[in-house]
Amino acid sequence: MNNFQNVLILGTGPVAIQVAVNLKQHLHSVVAIAGRQSSRADHVYKALAQSDQHISVHIQNEKHQSVAGGCRIDHVFAGYEQITGQWDTIVLAVTTDTYIQVLQQLQPDLLKQIQCVLLISPTFGSGDLVSDYISAFQPEAEIISFSTYYGDTRWAGDEPSHQVITTAVKKKVYIGSQTSSSLRVQDLQRMYQQLGIQVQTMSSPLEAETRNISLYVHPALFMNDFSLQVVFGSHSVPKFVYKLYPEGPITPPLIRNMLSQWKEVMNLLQQMGITGINLLQFMVDDNYPIATESLSREDIENFIDLEPIHQEYLLYVRYASLLIDPFSEPDSKGRYFDFSAVPIRTVFTNKEGKQDIPRMPQEDYYRIKMIQGFARHTGTPCPTIDQLIRNYEYHLQQYIEAHPEEPLSTAFQIHHHDEDYNRIQNRIQTTH
C-alpha cells in the first residue's frame, strides 16, 4: 500500500522542487505544488508552464547523484485558494513562521480529508503548532516532523525557475511522528535510504525538531551587527553568511555567542526532559563533513567536556574548514567549489510594493523567539538569546526610523508570536 498516494506540496522554493522529484521517483506519488502569488513564485509558475510542468534537480558533487533527476509534476496551483482535488498528504515546504498563515488559506473541506502533514524543515514546537490547528478539522491526521531539510538546494540560475541545484547533502536527519510505529515514517526512511541519507527515528516531532542545526547556528550568524547591517542595506558590496570577516560575519566573538546560545538551549532541553546534542559532532557527523586533517576525531567526540576557549577554537576551525568544499574536485587552476559563498540577502521590495526582510533572518527571528518563550516558561536563563533578539529588534527599529516614507511589510513589526506559542503550549500540555 502506498501511504503517500496524493501529495500536495505547499511552497514553490528550491526545497519544494527537490522534494517533488523525490516523491515522484521513489514513492510514485501523484504530486501537486501550490504556492502564494508573489514576484518570485510567478517566475516559477511561468517556468513550469513553459516546461509542461517538468522539473529538474542538478547536483554540484557527483557523489550526490542519488538526489538528482527530473519528473513531471501532476498539478500546479498559483495561489493556495486555487487548490482543488483530493489530497491525503500535505507537505509544508514554506518557512516555519508562515505555517498557520498558509494552512488558514486552505479550504476546510481539503483539511478534513488530510491523513498526514509532513514538515520538511520545522523549528522547535512546529509539530505541536500544526497539530493544534489541524486537529480542529481532522483530529486523526498524523503529524510528522523531520529535524531539517536534508541538503542545500538553490535555484540553478539567477532567477527562480523549474530547475534547482543541490550543492550539499546531509549524512543524517531525524524524524518524529505522533503515531508510534508509523508506516509512513517507515516509507520515508526507505526513501531517504535510497537517497543515501540515514534517518533516525525520535519519540516525537518535538524531539526531532531539536535536531535542527539552524536552531544552534543561525541566530549567531545573522543577529550580529555585521550581518544585520548587510540585511538592512548599510553595505554596498556583497557579503557572505559562512565566510570569515571581512567577507562575512564569522569572528571569534560571533563563535563565542554561538557556543553560549547552544549551552542555553541545552539547559532548556534538560528542563524539558529532552536529550541534548554535542554541537561539534552534530555539525560534522550529521550535517556537513569536513576533512579529517582539519579536526581530530578525539576533539569532535570530547567537545562537550572541553574548556570553553578550546570549544570556541574548534568551532572556528570548523567554519574555516568549510570555506571551500573539501570534497569537491579542483578546477584547472586548483580552485575548489566555494562552498561558503552564500550571500547575505538584503531588504527587498515584495510584490505588494512593500519593503520586506529576507527569509534569513526573518525565519530565524521566529525560531529564536519561540525558544525564548519556552525558556521563560521553564524559568531557564538565556542571556545570549535575549541579547541576540535585542540586537535584531534594534536594527529593525533603526531601519524603520531611517525610512519613514517607505511602505513596510509586517516583517518589520516587533513580534511576540503569542498565538503560535499558546497553540504549542496547549498541545504540549495535553499530549506530552
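Asp-52 sits in the loop between helix 2 (39–50) and strand 3 (54–59); helices (H or I, at least four residues) and strands (E, at least two) are DSSP runs, numbered from the N terminus. The model is predicted, so that local features need pLDDT of at least 70 and side-chain atom pairs count only at pLDDT 80 or more, while totals for chains, interfaces and linings use all residues. Residues are numbered from 1 along each chain as its sequence is written, and side-chain values use heavy atoms, with hydrogens and water left out.

**Backbone features**
- Asp-52 has a positive phi, near 55°, in a residue other than glycine.
- Asp-52 counts as partly exposed because its relative accessible area is 43%; buried means under 20%, exposed over 50% and partly exposed in between (1.4 Å probe, protein chains only).
- Ser-181, which is not a glycine either, has a positive phi of about 50° and lies in the loop between strand 11 (172–177) and helix 6 (183–194).
- Ser-181 is classed as exposed because its relative accessibility is 69%.
- Tyr-245 and Pro-246 are joined by a cis peptide bond with omega about 10°, and Pro-246 belongs to the loop between helix 9 (225–231) and helix 10.
- A cis peptide bond also runs from Met-360 to Pro-361, with omega near 25°; Pro-361 is part of helix 14 (residues 359–378).

**Domains**
- The protein chain is divided into domain 1 (6–210) and domain 2 (213–427), with bounds from an automatic or database domain assignment.
- The centres of the two domains, taken over C-alpha atoms, are 23 Å apart.
- In domain 1, 37 residues are in contact with 36 residues of domain 2, where contact means heavy atoms within 4.5 Å.

**Nonpolar cores**
- The largest nonpolar core has 102 residues, and Ile-83 and Tyr-216 are among those with the most contacts inside it; such a core is a set of buried Ala, Val, Leu, Ile, Met, Phe, Trp, Tyr and Cys residues joined through side-chain atoms within 4.5 Å.
- Helix 10 supplies the largest share of this core, nine residues.
- Both domain 1 and domain 2 contribute at least three residues to this core.
- Ile-83 touches residues including Leu-8, Phe-77 and Leu-110, not counting residues up to four places away in sequence.

**Helix 16**
- Asn-422 is located in helix 16 (residues 418–431) and counts as partly exposed because its relative accessibility is 43%.
- Asn-422 lies 172 residues from Ile-250 in sequence and 35 Å from Ile-250 in space, C-alpha to C-alpha.
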